[in-house]
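Morning, everyone. Please look at the model on the screen while I talk. I'll start with a definition, then go to the charged side chains.

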Amino acid sequence: MTSQRLDPDELARLEEERDHLLGSIEDLEREYAAGDMDDDDYEALHDDYTVRASEAIRAIEDGIGPIDILVNNAGIQRRAPLEDFPAEAWHELMRPNVDG
């Protein structure tokens, strides 16, 4: 399985959007927890997902109380002209984006 990192400018834009969102939550004087479960190896992440998610939820609830709203976002992106797009890359893209 191949891994492709985001363009540094795109990553910076996404981080800026995340920071703006978290700032808006702070402006509302609400408590929140934010974190990343980033992993280049989708299969390893999927195999370990239940344990990692349970630990993250438990840590948040121990720290600030029950979760009222959970935003869970996962996905990957691959770019290539259609005629050059390999089937394995398509399946790699579909696993987290469609199959969950």
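Here is the definition: buried means under 20% relative accessible area, exposed means over 50%, and partly exposed is in between, with a 1.4 Å probe and protein chains only. Keep it in mind.

Now the ground rules. This is a predicted model, where local features need pLDDT of at least 70, side-chain atom pairs count only at pLDDT 80 or more, and totals for chains, interfaces and linings use all residues. Residues are numbered from 1 along each chain as its sequence is written, and side-chain values use heavy atoms, with hydrogens and water left out.

Next, the helix. Helices are DSSP runs of H or I, at least four residues, numbered from the N terminus. H1 covers residues 8–27. It has 20 residues and spans 28 Å from first C-alpha to last. That is close to the expected 28 Å, where expected means 1.5 Å times one less than the number of residues. Just after H1, Glu 29 has a positive phi of about 55°.

How many salt bridges are there? A salt bridge needs a side-chain nitrogen of Lys or Arg within 4 Å of a carboxyl oxygen of Asp or Glu. By that rule, there are 2.

Take Arg 13 and Glu 17. Their side chains form a salt bridge, N to O at 2.2 Å. Both sit in H1, 4 residues apart, about one turn of the helix. Arg 13 is partly exposed at 35%. Glu 17 is partly exposed too, at 44%.

Then there is Arg 18 with Asp 19. Their closest N and O atoms are 3.2 Å apart. Arg 18 is partly exposed at 36%, and Asp 19 is partly exposed at 43%.

Methods
Helix = DSSP H or I, 4+ residues; strand = E, 2+ residues; numbered from the N terminus.
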